Amino acid sequence: MKCASNTLLLTLSLIMSATSAHSAPLPRASRLTASSHLAAGTSQLDFSEAARLRRQATLAGGLESAYARLDAIFAASMDSGARSKVLRTRAVMKWWDGDVPPALEASDAALELEESPAAILLKGRLLDVQGQAADAAIWYEKARAGSRDAPSRSLLDLRLAVISATERRPEALADLAKTRSVEASRRTASVLALLGYPTAAIALLQERGGSAASYVDQVRLANWAMAARDSSGATSFAWRAFQDAHNGADQRYALALMIEAFRSAGDLMSAARFLAAQPSSPEVEQARLDLLLELGKYDEAITLVDRSREDKIRQQLPRILKISGRETEAEAEYRRLLQAHPQEPQWYDDLATLYLKQGRRNEATVLYSRFFETNRDRIDVLTGGARRMIAMGLGDEARARLEEIAEDPNLAVPIKQFLAEEALEQGRNTEAEALLAELQRLRPADVSLLMEVSDDYERLGRKDQALNVLAGLEASGQILDYDQQLHMADLAFGLGRPEEALVRWRKLWNQSDTPARKSYLRRQIIKGASRLRQLDELAAELERRIDGETNARNDLDLLVEIRISQQDDIRARSAVERYATKGRMSETERLEQLAAIHSRLHQYAALDEDLSRLAEADPENADVHLRRLIVNTLSHPIEGKGEADRTRRVEELLARLRETAGQDDVENARFAAGVYAAAGMTDRAVEQYRRVVALAPADMDSLLELTSLLGRSGRRREAVALLQYEVESTDDPALLSAAISGLLDVLSSDPEAPAEQRVPADLVQASLAWAKRTVLERMIGGDDNARLFSLLGDVAQQRGEFGLQLRALEATMPTAGNQRADTLRQLIALTSERKPDANGAGDSSQKVMFARRLIALQQPLPPKVYANLAQALLEEGDLAGAERAFALMEDVEGLVNPDKLREDAYARSGHPDLALGAYKMAPRRGQDVSDPNFKGAVPIEQAGEQGDSAKR
């Protein structure tokens, strides 16, 4: 028997080698290969040999000849084992060919001849990829029973356990994990939690996770305990995570989890007491302070702040006093802070805000006068303060203080720059123009400043002044760069001075040497000459220059462009031919120039001839010219030639391309595939893409192009089978991820599309269930978990398993590090984007939970992010949490007004009483409010007040 099998293997190898003169590289590492060695004996024809034969047959022109030869060998052999191996090889090749039903038929026939472990395993796999997991499990059990190979049995044990767990039998995974390594047990616990079995996950990790539980483990356990509604366990795990954390960010996150657990138990007071009993640290103090504020324990919060040695904690006292309604004490605290930190802008801004809220405008103005005096030499601080004053409605006062400071010659320029910018923003154009003129007078030779002045004149609509500023710099001997000179030319043309513009463009044309610049300048020169009705005159000048000068290539290029713009192909070609006859350009350059003319003038028959001659004249770049020729043939049918002629022509050119670059050149095969696909020749395109995959097995992009093409042409089952084969045959996490992503693309369809254009529901559900099991199996097997969590989330999303999608994203949090805030924002978006349903999508409580965690991180984020978080908290009635979010907002150089965001959030959430005081100030702060009375009217009326706003 062994001798017969060896003879079969040798015969197959010789037959397939004879079909191709090209040697095959070693096959890539394969899970199929590893798990196919289930029986003793070295004569087994395994999957790697089938892959080798398939590759050689593909390169030789297709698999049909290989199938025919396999049939011939099958018929000639009398040995049942050898015949079974032939059928298994056929089955594997059919699977790779995307045709699973015939693969199953061949597998069944092989089993009838010999129930070898390899044949049994193949049957299981083919059933598995078709979504028949229960039937596949029966065959996997048989294969496992007959296997003597430990790695193969281990793989089958895992696959069987995953199938059981996805069928609501999680104990199979837990039991298997207990026989494996500590790391495998940790990964298995994560998978159990992902599948919605948090209690089992906790039990497994605690039993098998090892004694040295890490921060990551404790965070996971805390999350799982909360999912299992075990508040006590969650608080314990979260506190241990805090103790194991190595930095403040990790500590803050752990504390957020702990408080969340206490909150779920309805016992925040116990959380506050627990923290009060712990050793003091900045993170613990902040968490405890937030809790006291949420509980309304203002006296205790103030006492905590008073006793704290942390500046960040102590500086929150004014906010706490304001929240508790103690504005007089808040004012005194602001004054104390100003005494201690007289140059800190924040305390001036906050105290001024308090004054304005109370209607004490004069005191706010006096306060800012002190600010300007204290920071007189800090320009950035002064202008920042002025911008905030303007946002508060103190614009006149701010400008008056700045004008006083501008009397100092050393400060005049930056101050006047700011005032000019501010005047422009507010639409006070006359004032802005006067300030720009003053800046020119103060710094007549400052290139950088004057360039900004020129830009500001343009913003004012004074292009004449903008050009004058640049021309003055030029006249003074300043060297302007290309962009500045080009801008001057464009300004001149826009101002109705085409003569000046044309002179400048031509000067730049003669100086430029990059294709992009020359292309732009050619168009501008022709535009300018056309405006002046001097196009023919310019062409005649260029004709004389190319006829007389030895090196006038610039002039030739411009002349050709002019003739093309005049649609004059005869004179364009004539100029090129005259220039070439004087030996000034090579034959290749001549043909390139002619090809450019014919392409621009849409003379595609002539272009076809040019490119064909180029391929002969320039053999080193023949493949480039042939590709252009093929594209031209496909894109622009030649008059009088039918579709059959065009197809035949493309075939001839592709054959010529293959001869030029080599029969098995990957790039040529890839190009040919794209060409056939563009021409609608799907079968030919598929053939070429398969060739690329055979030549370069690791070229996942080409495989995805192939499966995408199959999907678009209605051959989705074929595409799915091919991708499943690739997933089963790779150990590379990147290739696995790409193949699963490709599978999701193939299975997606527009729900609004006609029924016949949608992916069959049975194919979608079966394939996605298999993909889910595969990803989970790889997670436990030790592949790149970060990538796999994302992949599992994508599969879950397409299956409509919102809970799994959410858990997959949340599972990355313990190891997210610096990306934790970004991940939380994704979780918030995920729980916000849908209406509530049975899976938890759109669950506002989940959104608020993630919002609180994000706030606890205290990360610098755009103000609108924190405003949205505060809005969500307000809708849940958590005013203290909302205030924590508002406190983290920062102004962005006047572009965002945090106070206005706060006001709007309160108003939208149904708290007009809280928005009222702030809205009274909104007209003074909100620079974008066109009618200041209107915005204030909304909360006033909602609050039930009568008065002018109610009358309006």
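Biologist: How do the residues of the lining of the second largest pocket divide into nonpolar, polar and charged?

Modeller: This is a predicted model. In it, the lining of that pocket holds 18 nonpolar, 11 polar and 13 charged residues.

Biologist: What is the volume of the second largest pocket, and which residues are the closest to its centre?

Modeller: The volume is about 1400 Å³. There are 42 lining residues, and Ala227, Gly803, Arg807, Glu810 and Gln846 are the closest to the centre.

Biologist: Which elements give two or more residues to that lining?

Modeller: They are α9 (150–166), α11 (182–194), α13 (215–227), α15 (248–264), α47 (802–810) and α49 (844–857).

Biologist: Why is Phe418 called buried?

Modeller: Buried means under 20% relative accessible area. Phe418 has 7%, so the residue is called buried. Phe418 is found in helix α26, residues 409–426.

Biologist: What does Phe418 touch, leaving out residues up to four places away in sequence?

Modeller: Thr383, Ala386, Arg387, Ile390 and Leu402. Contact here means heavy atoms within 4.5 Å.

Biologist: How do you know that the span of α29 is close to the expected one?

Modeller: Helix α29 (residues 463–475) has 13 residues. The expected span is 1.5 Å times one less than the number of residues, which gives 18 Å for α29. From first C-alpha to last, the helix reaches 18 Å, close to that expectation.

Biologist: What makes you say that the buried residues of α29 line one face?

Modeller: The buried residues are Ala466, Leu467, Val469, Leu470 and Leu473. Seen down the helix axis, they fall within an arc of 155°, so they line one face of α29. An α-helix has 3.6 residues a turn, so residues three or four places apart point the same way.

Biologist: What covers those residues, and what follows the helix?

Modeller: The cover includes α27 (429–442), α28 (447–459), α30 (482–494) and α31 (498–511). After α29 comes Gly477, whose phi is positive, near 95°.

Biologist: How many helices and strands does the protein chain have, and what share of its residues counts as buried?

Modeller: The chain has 55 helices and 0 strands. Of its 952 residues, 52% count as buried, the cut-off again being under 20% relative accessible area. Among contacts between residues at least 6 apart in sequence, 57% join residues at least 24 apart.

Definitions and conventions
Residues are numbered from 1 along each chain as its sequence is written. This is a predicted model: local features need pLDDT of at least 70, side-chain atom pairs count only at pLDDT 80 or more; totals for chains, interfaces and linings use all residues. Side-chain values use heavy atoms; hydrogens and water are left out. On a 1 Å grid over the protein atoms alone, a cavity is a set of points where a 1.4 Å probe fits but cannot get out, and a pocket is an open set with protein on both sides within 12 Å along at least five of seven lines; lining residues have an atom within 4 Å of a point. Grid points are joined across faces, edges and corners, and a volume is the space filled by probe spheres set on the points. Helices (H or I, at least four residues) and strands (E, at least two) are DSSP runs, numbered from the N terminus. Ala, Val, Leu, Ile, Met, Phe, Trp, Tyr, Cys and Pro count as nonpolar, Asp, Glu, Lys and Arg as charged, and the others, Gly among them, as polar. Buried means under 20% relative accessible area, exposed over 50%, partly exposed in between (1.4 Å probe, protein chains only). The arc is that of the directions from the helix axis to the C-beta atoms.
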